[in-house]
Each structure stands twice: as structure tokens, then as C-alpha cells.
Amino acid sequence: MCLVLFDDRLNTNGLLDVRVFDATGYSSSIKLGASLTAGVFDKYLAGAEETVQFSYLLGDGGNNFSLDVDNTVAADGDFALEIVGGAEDDRVNLSGLAVKDSTSVNGDEGVNTVEINTTTGATADDFGNYATGNAVDFSAEDTAFAGFENVDRLVIAGDNDTRQNIVTGNMTAIDGKKVVIATDLASDLAGNPIAGTGVDTDIVRARIDTELTVSGKNQTLGSGNNNNDQFVGVVDVINTRPVPTQNNLEVLLDNTARLDGELAVEAFNVSIEGAGTSAVRELDLTSGGRRSSENLVQSAALAGVGKVDLDGTQNLDLHIASMASGASVVDGSDLGGDLELAINGGLLTGATDVLTGTAAETDTLAVYGGGAQATVTAFETIQLGLAANNQFNGAVTGFSGEFNAAAVSGVEQYNVAALSGAAELINLSGSEVVNVAANNANQNLTLIAADRANGNEITVNFAGDYSSDLSVQDYRTVTLDLAADTNYVFNLDLNTVDGTNAGTTYARTLEIVGGGVDANGDVTTTLNIGDLDTALSTVDLSGFEGNLLNAQWDGTTGTNGTVVANEYNFSFNVGGNGTSSEFISSFDFNADASEAGIVWQIDNFQVFGQGGVDLTNQSIIDLRDLGVDSAADIVVQDANDFFTALNGAAQQDYFDQGYTAADFAAGDTVVTSSEGLDFTILLNGVTSTDLVNENFAGIA
């Protein structure tokens with residue numbers, strides 16, 4: 001019985017070892033399945049003294065003919081096969097047939113399709129895979145068609161890794177028409193499909209005006225398969241032949257999933273092999289499909305190609321590893337879906353390299369490798385580096401060096417996904433958001449605005465651990481948004497390094513936000529930030545759910561500064577001793593401690609009237625937002641006296657926060673509430689009897 005397969009063809013177990021099928025002049029459509037097996041030898045070839053002609057002559061009503069030919073038969077010197085179509089559109093599906101030098105196909109009239117699943121015009125193994133060296137069983141001459149005429153569409157199918165040489169395979173009848181790569185999943189030795197793995201196809205010496213389609217059709221046929229993801233291996237377009245009026249190659253990614261499946265191409269390459277040449281200067285890539293299906297090209301090495309034009313209706317993820325020397329242009333303005341473009345930073349050397357996103361609102365440009373500069377428009381996100389498990393090559397591919405944003409417009413955020421060394425983003429706009437993934441040490445990050453303006457502001461969001469140096473230059477307001485469950489230790493440098501403003505700091509406000517608490521209300525984030533620039537007039541921790549450790553001014557001269565504390569543990573060193581600090585440091589506590597045992601610690605607090613401290617350089621505690629406007633609202637006492645007077649349960653509250661009895665030493669001062677609030681202010685190096693009202697805002 002001959003079964004109908006999923007694409008309306010018959011399988012090949014219909015006619016068995018029939019030498020002549022003649023439907024010439026038959027006016028109705030024909031579906032035919034046939035096979036020529038080793039039985040042909042005894043039946044027709046055993047006593048042959050000259051070529052035995054096998055003929056399949058199709059009718060005029062449109063035909064779908066499937067034929068499987070045993071390679072030992074096809075390779076026999078006495079065997080010859082002709083397949084001739086009729087007046088309407090015909091489809092000929094050839095399986096097996098690694099040896100084709102005894103086979104001629106003539107589609108005759110109509111628009112005709114030939115499907116093959118073995119190598120043509122190149123060396124091959126027994127199964128029809130492209131082979132070299134000791135693996136070769138058939139020569140390029142063996143695998144070339146004896147005749148190939150009136151064919152409008154060549155389909156490459158099956159699970160072999162094949163090479164299709166249009167010239168040496170005698171398939172130039174397809175010039176200027178269509179080649180479709182519609183391969184299956186790769187198979188193991190037992191013939192079982194390997195999930196997520198495609199097979200490779202080389203298209204050699206096609207003419208540039210031949211349209212190329214990469215289709216998932218054969219992977220979405222059959223019951224339950226209509227929304228499958230589709231996987232194609234490496235597609236290599238090699239030594240493409242020219243035509244006088246065209247330098248662009250048209251390629252369609254044809255995702256055939258019904259709803260939201262993905263078509264993934266392991267690599268799409270334009271290559272030059274041996275002494276050959278390629279006529280391709282532009283690649284027109286169409287992202288096709290329907291509904292919510294998406295297309296992915298994991299890598300593209302495009303020798304000789306200077307421009308890539310993108311269009312189509314579906315979302316596209318595209319990785320370009322290499323292009324021609326000179327200007328690199330990628331234009332996604334005609335693409336109807338979203339675009340995620342990953343590109344080797346070595347291709348981007350100046351403003352003549354032009355990358356354009358789509359009209360959608362979620363386009364991403366990911367740059368990896370060395371430094372980069374380009375004209376970039378219509379990408380909402382620019383990403384530096386590819387993190388682990390990315391959709392392109394799966395491995396970490398970091399960025400290092402300089403990214404020059406002088407010709408970037410329309411970007412809404414930068415994502416620092418993976419660094420392979422120190423990186424600088426220069427000529428950034430006056431309002432930026434930079435998201436930094438967790439990274440390792442020695443991956444210092446520098447962020448520099450294009451120029452100084454009072455409205456310049458930047459937010460740096462950290463997704464996890466960061467232990468390198470962070471330099472932010474020429475922004476007035478700097479916001480650091482920290483992740484939960486992380487202990488941060490890094491240095492923040494706000495000083496401008498180069499240019500006419502070198503050696504000065506433009507920042508005036510530093511905001512720390514983010515962090516997090518667990519189900520018990522305990523903080524899970526700490527920030528050990530070290531030195532803070534004395535040009536800052538405000539350091540605001542009010543939006544930060546976390547502990548601040550070891551913060552201090554980086555010098556003794558600067559502008560008057562206000563530190564707005566949060567409700568968690570806090571440690572800040574004014575940076576001077578006695579009269580060495582020449583500016584006022586105010587500490588604004590606008591929320592009570594989150595629980596008993598929380599300590600707000602200030603070292604080298606400068607007491608008015610002591611050691612030359614006056615109204616120009618005193619330290620100030622501001623508790624007015626907590627309702628403290630009178631000396632009667634607070635209790636000032638020696639730190640040791642305070643702690644030793646506590647009962648065991650109260651001392652345990654401090655132990656739970658990581659403090660010990662030694663932290664409350666005699667000669668230091670503790671300020672607490674007389675109104676039942678939970679805060680504890682610890683002033684190291686300050687004698688309690690020296691504190692005066694001038695050190696408290698709002699207390700006369």
C-alpha cells in the first residue's frame with residue numbers, strides 16, 4: 001500500500017522496480033510513489049550489453065512524484081534514468097540517489113520543483129553527505145546530474161549534511177529562480193532525530209539573483225508537529241556568481257510554526273573558498289512566519305558583505321560575527337518585528353558604521369569584543385557583552401575597551417551583561433540608565449557624559465555582586481540601585497580624568513537605592529563603598545534597604561555635605577580629626593531605626609567648640625523628621641555606660657546586628673531617644689559632655 005505523506009506526496013513503496021511509467025498526455029493530476037531497488041540488477045541489468053533506460057514520464061495535469069533510488073543501481077554503468085514532467089506544475093521528490101550522473105530531470109512546462117536530500121556536484125559518502133579525504137565514496141562527477149532542465153525551485157531536504165554545487169552539479173537551470181533549504185533534524189546512527197540539532201547545507205556557485213529560502217517546513221509536518229521549533233545547521237553560501245545589475249542576495253527565513261515556534265539557524269555564512277570570488281555585497285534578510293513565531297540566526301560570517309537589510313514580519317535575533325572591511329551597515333527599519341542584533345565590536349570603528357533598529361519599542365543591540373563606535377538609532381537597549389547561555393553562541397563573550405556613544409540616539413538603557421576586562425562608555429547622553437550584571441573583580445567600569453549640564457543624571461542598576469571600581473564622570477546626580485541578597489565592596493570614583501575638566505568632580509548628589517529585606521525584616525544587602533568625593537553636597541540613603549559600611553569623605557576640603565541616612569545600620573567617617581575637616585557634615589535621619597539594635601555610627605564627628613571647630617565645619621545631627629526638636633527628646637551618655645546599663649535582652653539586640661560590647665567603649669558617646677524610638681547613634685571619638693546644641697539641628 002502506498003501511503004500519503006503529510007505534504008500530500010506518496011511514500012516510495014508504491015511502484016517497485018518499474019522501468020517505464022508513461023502518463024504522457026494524461027490530463028488529470030497524478031500522485032505517484034516508486035522505488036528502484038537492488039532488484040533492478042536481476043530484473044533488467046544482469047545481461048545488459050548497453051545502457052538500459054528507465055523512464056518516468058508524467059502527465060499534463062500536475063504531478064507529485066516521489067522516487068527512491070538505490071545508490072548501487074544509480075552507480076551502475078548500464079543504468080540511466082529520465083524523469084520528464086508535463087504541461088502543468090510538477091514536483092519531483094528524489095531520495096537516496098547520491099549518484100546522479102545517470103539521472104536527468106526535465107520539468108517541461110509549468111512551475112516545477114525538484115527536491116533532493118543528497119550532495120550534488122561535490123564529493124560525498126555512501127549516504128550522500130558532503131565528504132572530504134578518506135570519507136569520500138563518490139566524486140563530484142558522480143554526484144552531478146546528467147541533465148537538469150526546466151526546474152524553477154530546488155528544495156534541499158533530508159537529514160544529510162550536503163553540498164550543492166550549482167555549476168559542477170549541472171543545475172544552472174535554477175539560476176535566477178529559487179533554492180529552498182528545508183532540511184530535517186540531524187539523526188543518530190540508528191536514524192533517530194536528535195532534538196535541537198539541524199544539518200548543514202552548502203550552496204556553492206549559485207547565481208546572485210537566485211532567491212534562497214531557509215524553511216522549517218519539513219519539521220512542522222505531521223500530527224502534533226505544527227508548532228514545533230525548527231533547527232537548521234550551518235548554511236554556507238559559497239563563491240556566489242555575479243550578474244551585471246545585482247549585488248544583493250535575497251534570503252527568506254521561513255518559520256512554518258503555526259503559533260509561536262522558533263526557527264533557529266546555527267549559522268548563515270557568505271563565504272569565499274579557494275581561488276573563488278563572491279558577488280554578494282549586500283544581504284537582504286527577510287524574517288518570515290506568522291502569528292508570534294520568531295527567527296534566530298546564531299551566527300553570521302559575511303565575507304565581502306558591507307550591508308545587511310532586514311525586513312519581514314517576525315521578531316528576529318541575529319548575530320553578525322564578521323563582515324567586509326570598511327563600513328558596516330545593518331538596517332532594520334523595514335523589519336516589522338523586534339530586533340535583537342549581536343555584533344562583533346571589531347566591525348564598529350566609527351560613525352560610518354551605521355546600525356538602525358526597527359519601529360518596535362524593544363530592540364536590543366549587543367556588542368561584544370573590543371572597543372566600538374557607530375551611528376546607532378532606533379535601538380532601545382544597547383548591551384555590552386553576551387552573558388552565559390545566550391541564544392547566539394551560548395558562551396560568555398565579554399566586552400572590554402571603549403564604547404563611544406557620540407553618534408548614538410534613542411537608546412533608553414545600557415546593559416553591561418559581561419565584561420572581559422575594563423570598559424568605558426563615553427559620550428553618553430545627559431540622562432542614562434545603565435544596568436550592570438554580576439561580575440568578577442578587575443572589570444572596572446567607567447561611565448562618562450558627553451558634556452556637563454546641571455540636569456545630567458545617571459542611574460546604575462546592579463543585578464548582583466560587583467567588586468570592581470566604578471567611575472562616573474560629568475553627571476550631576478548619580479543613583480546606584482543595588483540588588484538584594486548581595487554584599488557590595490567597590491570603589492566609587494566621581495572625578496573627571498581627562499579633558500578641560502580633568503581633576504574636578506561635577507557630581508553633587510549621590511543616591512543609594514534598592515537592596516532588600518527578608519521575611520523577618522532583616523536586611524540582605526550591605527554596601528562597603530569606601531571613599532566618597534567631598535564635592536558631593538548630598539548622599540541620600542533614604543531609599544536603600546541595606547547597611548552602609550565604612551563610608552567616609554575622601555578628603556578634608558570640599559563643599560558642605562548632607563548624608564541622608566536610612567533605617568538600617570550605618571557607618572560613616574567624617575574624615576577628619578578635630579579641626580582637619582573644613583566643611584560642614586550634616587546627618588539627616590528621617591526614619592527611625594527599623595528595629596532595636598540598629599546603630600548609626602559616625603566616626604570623627606566634629607564637635608562645635610572643640611579643637612577649633614566652629615559654625616563653618618561642625619558636624620550636625622538632624623533628627624527633626626523624627627520629632628526631635630528639644631534636648632529633652634534625646635539622651636546623650638557615655639557609650640560604655642549606656643551598654644552596661646542594658647539588660648541581657650537589650651544587649652542581645654545589638655549582638656544580633658553584629659556588634660559587641662567592645663564597640664561601645666568608654667569615652668565615646670551614644671545618643672538615643674527619650675520618646676521610645678529605636679535609634680542608637682554612636683559617636684566614636686566624642687566625649688558625651690562635649691556635645692552641644694549646635695551639633696543638633698533644630699535644638700536651641
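Leaving aside residues up to four places away in sequence, Gly 110 touches Ala 87, Glu 88, Asp 89 and Asp 152, where contact means heavy atoms within 4.5 Å. The model is predicted, so local features need pLDDT of at least 70 and side-chain atom pairs count only at pLDDT 80 or more, while totals for chains, interfaces and linings use all residues. Residues are numbered from 1 along each chain as its sequence is written, and side-chain values use heavy atoms, with hydrogens and water left out.

Gly 110 sits in the loop between β8 (103–106) and β9 (113–116); strands are DSSP runs of E with at least two residues, numbered from the N terminus. With a relative accessible area of 37%, Gly 110 is partly exposed, a class lying between buried (under 20%) and exposed (over 50%), judged with a 1.4 Å probe and protein chains only.

A salt bridge here is a side-chain nitrogen of Lys or Arg within 4 Å of a carboxyl oxygen of Asp or Glu, and the count comes to ten. One of them joins Glu 115 to Arg 91, with the closest N and O atoms 2.6 Å apart. This pair links distant parts of the chain, strands β9 and β7, 24 residues apart. Glu 115 is buried at 8% relative accessibility, and Arg 91 is buried at 15%. Arg 9 joins Arg 91 and Glu 115 in a network of salt bridges.

Key:
Helices (H or I, at least four residues) and strands (E, at least two) are DSSP runs, numbered from the N terminus.
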